[in-house]
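Please open the model in your viewer and keep the sequence panel beside it.

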Amino acid sequence: MLVVAVDELPPKSLPVPREDGVIVLAHGEVTGHRHAIAEPHAELLAAPEDDDDDERRFLRIIGASAHLVHEEHGTITLPGGVYQVIRQREYDPDLHAVFVED
């Protein structure tokens, strides 16, 4: 997963509901763990439908910072701002591009 700072949200972005009170950026396919943010001053948004097949998600942190937590990795502190959340892919010559599994 890659979180990249951007200047602004796409127009008409829609809120993505929280899961069990937290924002889930990604679920680990192998371990079942999740990359999550619990702070109430953060929100996950989806870009409106476009011609791309990829789902475009954005994270907005209002305030000083928020903590991205994963059970198997160290916590990452993200400063306030707007970010695009990108699910990274890897190339497999037999399958072409596949999502990176965590």
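Begin by selecting valine 4, which lies in strand E1 (residues 2-6); strands (E, at least two residues) and helices (H or I, at least four) are DSSP runs numbered from the N terminus. This is a predicted model, in which local features need pLDDT of at least 70 and side-chain atom pairs count only at pLDDT 80 or more, while totals for chains, interfaces and linings use all residues. Residues are numbered from 1 along each chain as its sequence is written, and side-chain values use heavy atoms, with hydrogens and water left out.

Is valine 4 buried, exposed or partly exposed? Valine 4 counts as partly exposed because its relative accessibility is 32%, where buried means under 20% relative accessible area, exposed over 50%, and partly exposed in between (1.4 Å probe, protein chains only).

Now zoom out to the whole protein chain, whose secondary structure comes to 0 helices and 9 strands. Of its 102 residues, 28% count as buried. Residues 24 or more positions apart account for 49% of the contacts with a separation of 6 or more, a contact being heavy atoms within 4.5 Å.

Next, select strand E5 (residues 42-46), which is mostly covered, with 4 of its 5 residues buried. Strand E2 (residues 14-15) pairs with E5 in the antiparallel sense over 2 bridges, and strand E6 (residues 57-70) also runs antiparallel to E5, joined by 5 bridges; two strands pair if DSSP finds at least two bridges between them.

Of its 14 residues, Ile23, Leu25, Ile37, Leu59, Ile61 and Leu78 touch the most other members. The elements that give two or more residues to this core are strand E3 (23-27), E5, E6 and strand E7 (73-86), and the largest share, 4 residues, comes from E6.

Finally, select Leu45, Ala47, Phe58 and Val82, which are included in a second, separate core of 5 residues.

Terms used. A nonpolar core is a set of buried Ala, Val, Leu, Ile, Met, Phe, Trp, Tyr and Cys residues joined through side-chain atoms within 4.5 Å.
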